[in-house]
Structure formats: structure tokens, C-alpha cells
Amino acid sequence: MNVMGLIFTNDASLGELTNKRTMASLPFGGRYRQVDFALSNLAAAGIRQIGIISRHNYQSLMNHIGAGEEWGLELEEGGLEFLTPYAMSTTDIYRGKLDALHSVMDFLTFGHEDDYVIMIDSAILSNIDLNDVLESHIASGKDITVVTKTGIANGKKQLDLALKLDKKGEVADIAVDYAAPAEYLASMDIFVLSKKWLVEQVKEHIARNLFHMDRDLVLGLWQKNEASINVYQFPGIAMYNESVEEYFHNSLALIDKNMRHDLFFYNHPVFTRVRDRVPSYYGENCRVENCVVADGCMLEGEVKESILFRNVTICEGAQVENCVIMNDTVIGEGAELKYVILDKDVTVRQGAKLYGTPANPIIIKRGEIV
């Protein structure tokens with residue numbers, strides 16, 4: 001059985017955090033990028049033909065993935081490939097996932113017609129057994145399998161795709177871009193389809209000026225009774241990083257060791273690019289409470305309930321609480337930070353005071369001096 005993986009890098013906006021990078025290359029958890037979860041899930045399932053579809057701002061992503069060695073992948077034709085359908089296009093207008101798939105049709109049609117395709121997004125993080133999902137899809141005999149999660153729909157969060165099941169476990173309702181109530185399941189933006197069927201549907205939809213995966217293919221075909229849908233309910237942790245508030249909340253949730261274990265080791269380890277650094281240094285007067293600290297840090301001040309990436313320097317007298325501090329950031333003496341996200345290479349001057357809130361953390365963009 002041949003299986004192809006497609007990763008969408010997701011160009012949704014998280015303000016300053018994604019102005020110059022894709023969602024896939026957004027740092028997360030002290031050492032990782034969000035794409036690491038999709039790559040690790042696919043690699044653990046033995047999938048070696050993987051396309052990464054990105055529209056723009058993908059240089060940092062390419063630098064991070066490199067040749068794919070950390071995930072046991074090889075950057076070559078028929079293996080791991082970067083697909084940039086708009087790089088040579090006469091238009092950079094992105095009209096939806098079906099449009100992107102149509103633009104990489106050469107990759108999509110590579111290999112055998114009886115292949116399966118697993119499509120996965122970069123904004124929702126999970127540690128999922130994709131072999132189990134594939135087996136569920138094949139056993140169902142249906143056209144599309146949608147991976148879903150309970151407990152996300154709450155009547156407030158707008159979901160790209162929400163599904164409601166009847167008592168028999170069959171799909172009773174589907175809604176797109178809808179703040180669905182709690183009885184709905186939230187799509188995790190992971191889909192399984194046969195390649196032959198997907199190629200046919202992409203061509204048919206594009207020919208009719210239809211470009212959206214959720215609205216036009218899943219909802220549209222289901223409403224017309226032209227596609228059957230299998231729903232796979234994932235029991236593990238799924239982190240939806242679709243807003244700054246969610247990203248901040250989910251980052252700090254990793255302080256809980258059980259949360260970290262479930263996200264990074266639930267079915268298999270999550271791998272990332274190896275960057276050797278010296279161990280972190282804890283000064284004589286430093287105080288670090290309930291934090292995730294990566295290697296290479298120099299800690300002289302006080303840090304509580306925070307996530308520190310590699311090579312962070314916190315000078316003596318500084319106080320940091322409930323913050324996400326990315327690589328190579330320096331926090332000067334006596335500075336005070338609470339509910340702040342510092343991107344890479346930020347310098348916080350001596351005595352500076354930055355206070356955000358849990359719902360509205362302050363974001364300092366890469367390279368800034370404050």
C-alpha cells in the first residue's frame with residue numbers, strides 16, 4: 001500500500017509572529033517548530049513521499065527542515081519535496097487548498113493511482129498514529145476521512161469545519177466557519193482520501209471555480225450526497241494554535257509534564273532539527289520555578305511559569321513571569337516582564353517593564369530593542 005503525505009504550511013496570521021514566517025515554521029515548546037509535529041506523524045507512519053505546500057515566507061522553514069535527516073526523510077524527487085506553487089505563478093492570489101493542490105498536480109499524480117493521500121495542516125498540533133487513521137479510512141469504505149477532536153467546539157471559537165454525528169455515529173450535520181456548540185466535533189485539518197478520487201475531484205472543482213477544501217469538497221459533496229464521510233475521533237491532545245491567545249495558552253500549558261509527555265511522546269517521539277548547545281547556566285542568585293528551559297541559556301534573574309528557548313539570557317535582578325521567550329533573547333538587569341511573547345533576537349533594556357494579559361500578551365517582534 002502506497003501512501004503520500006501533504007503538509008500545508010498555513011499562512012494564517014498570528015500578528016507579528018507570522019509576518020515573516022509561515023505557521024509551519026513558528027517556534028513552539030522551547031526547541032521545536034510547528035511543522036515538526038506533522039513531519040514526525042508522517043515519518044512515524046512510514047510515509048516517505050511527502051510534499052510541503054507553501055505559498056510565501058518559506059525560507060526559514062526550508063532552513064529548519066534541511067534535507068529531512070532528523071525525521072529519517074530524504075530531500076529528493078519521490079521523497080520529501082518543497083512545493084511552492086506560487087513562486088513562479090503570474091498571480092500570488094491564494095484561493096484555497098484545492099487551488100494549491102491543482103498547482104502541484106505533477107507531485108500529486110506521481111506514483112501509483114491506488115495510493116492514498118494524507119493531508120495535514122500546521123496550525124493544529126498532535127501526536128497521532130496515522131496508520132490507525134488510515135486503517136479506519138480503508139475499513140470504512142468511504143470517500144473521505146476527517147480526523148476530529150471533542151471538547152474544542154464551545155459556541156465561541158469559530159471552526160473551519162465542524163461535524164455533528166447521529167446516534168449511529170454517522171455524519172448528521174456539517175458546518176464551515178461556524179462557532180459550533182459543544183455537541184459538534186472540530187476538524188483537526190487532517191484528511192485521508194484515495195489519490196485517484198482526490199485528483200478527479202480537484203480537477204472537477206477547479207473547472208467549476210471551486211477552490212475550498214472544507215466548503216466546496218467536504219461540505220459541498222456531502223450535501224449533494226456525492227461523497228461519504230468517515231469521522232475519526234482522536235483521543236489524544238490536540239493544540240489549536242489558530243490565534244495569538246491560543247498559541248500563548250498552549251505554550252504555557254507545556255509547563256505541565258503530563259501535557260508535555262502526551263504531546264511529544266503519546267504515540268511516538270516528535271523530532272526536530274538538532275542544534276548542539278552548551279547546557280544552560282543557573283547563576284548563584286537565580287530563581288527558576290516551574291519553567292521549560294532549553295539548552296544554552298544564561299540565567300541570573302528570576303523566572304516563573306515560562307517557556308525559554310535556546311540561548312536566552314536573563315540578567316541579574318530581572319523578573320520574568322508567564323512569558324514565552326524565543327532564541328537568543330537578552331533581558332537586561334532589573335527588567336520586569338509578565339504575559340509577554342518575545343520573538344528571536346530581542347533585547348529588553350535594563351529596567352524596562354512589559355505587562356500584558358493572558359488574553360492579550362504583548363508581542364515583541366524579532367530583532368527589536370525595547
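Strands here are DSSP runs of E with at least two residues, and helices are runs of H or I with at least four, both numbered from the N terminus. The model is predicted, so local features need pLDDT of at least 70 and side-chain atom pairs count only at pLDDT 80 or more, while totals for chains, interfaces and linings use all residues. Residues are numbered from 1 along each chain as its sequence is written, and side-chain values use heavy atoms, with hydrogens and water left out.

**Exercise 1.** Work out where Val171 sits and whether it is buried or exposed.

*Solution.* Start with the strand: Val171 belongs to β10, residues 171–178. Next, check its relative accessible area, which is 13%, so Val171 is buried (buried is under 20%, exposed over 50%, partly exposed in between, with a 1.4 Å probe and protein chains only). Now look for partners: skipping residues up to four places away in sequence, Val171 touches Leu163, Lys164, Leu165, Trp222, Ile229 and Val231 (contact means heavy atoms within 4.5 Å). Finally, take Val231: it is 60 residues along the chain from Val171, yet their C-alpha atoms are 7.7 Å apart.
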